[in-house]
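Please look over the sequence and the model first, and then follow the sections below.

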Amino acid sequence: MNILAVFAHPDDEIGCIGTLTRHAARGDRVMLVWTTLGELASQFGDSSYEEVTRVRREHGAWVAAQIGAEHHFFGIGDSRMTGDRSEALQLARLYARFQPNAVITWSDDHPHPDHRMTARIAYDAVTLARIPKILNEGQANPLEAWREPVRFYQYYADASPYPEVFVDISESIDTAQAVMAYYQQFYKWKGTPEEFRAGRGRAGAMSGVKFAERFNVRAAHGRAVAYLE
């Protein structure tokens, strides 16, 4: 499988690190993608744009290395995302090159506008990547459309209309906790790595395993079935 995780800022990916680690460990191709450089994070104070983006890029590269993933930054602009066609098209072109079988992103209703817009363009890109005339507008080197079914996973939200799914991360909880600790130490978050681990344990208890990550899932362009189920 090819697994693509699409988020707005470095550190957003903490919610699916265990899942990505498991996929990478079994030989799946995994890529972390951030739509912005997270350059407006308040923890950096008056640091220059160049300094903040350097650190944020280093964070993304470090996390990708821990789980055995590729990574990519778009740099659309922190807090400047609109969820429009041009943003979705950038992502669709990445889909065409990477050819994902599954995408993980934010929920539709998150309070942060960049998170909501990232979820929106991540979903829109599934369709845009299927249409050659859209995908290749103004492109000197045409891309082949990606028309295979894509499973679309979002961080769990109570208000989501989509069914939930749990992924057993009992074998990768240590990596997930290490990534959380890496960010927590840098940003001085109130939550501790131990509390993070306990939260994954609660999700595991809900699903019959030791540790789990929780998502909502909707299928886009699924395969044909013989009858409605």
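## Terms and basis

Helices (H or I, at least four residues) and strands (E, at least two) are DSSP runs, numbered from the N terminus. The model is predicted, with local features needing pLDDT of at least 70 and side-chain atom pairs counting only at pLDDT 80 or more, while totals for chains, interfaces and linings use all residues. Residues are numbered from 1 along each chain as its sequence is written, and side-chain values use heavy atoms, with hydrogens and water left out.

Helix H1, which covers residues 17-25, is mostly covered, since seven of its nine residues are buried (under 20% relative accessible area, against over 50% for exposed and in between for partly exposed, with a 1.4 Å probe and protein chains only). Among the buried residues of H1 are Ile17, Leu20 and His23. After H1 comes Gly27, with a positive phi near 105 degrees.

Helix H7 runs over residues 193-207, and its 15 residues reach 21 Å from the first C-alpha to the last, close to the 21 Å expected at 1.5 Å a residue; the expected span is 1.5 Å times one less than the number of residues. The buried residues in H7 include Pro193, Phe196 and Arg200. Just after H7, Gly208 takes a positive phi of about 80 degrees.

His59 is found in helix H2, residues 49-67, and counts as buried because its relative accessibility is 4%. Leaving aside residues up to four places away in sequence, His59 touches (heavy atoms within 4.5 Å) Tyr182, Tyr183, Phe186 and Tyr187.

Leu94 lies in helix H3, residues 85-98, and is likewise buried, with a relative accessible area of 6%. Not counting residues up to four places away in sequence, Leu94 touches Met31, Val33, His72, Phe74 and Gln99. Of these, His72 is 22 residues from Leu94 in sequence, and the two are 9.6 Å apart in space, C-alpha to C-alpha.

Most residues other than glycine have a negative phi. Asp11, although not a glycine, has a positive phi of about 110 degrees; Asp11 sits in the loop between strand E1 (2-7) and H1, where it is buried, with a relative accessible area of 18%.

Gln99, also a residue other than glycine, has a positive phi near 60 degrees. Gln99 is placed in the loop between H3 and strand E4 (102-105), and its relative accessible area of 33% makes it partly exposed.
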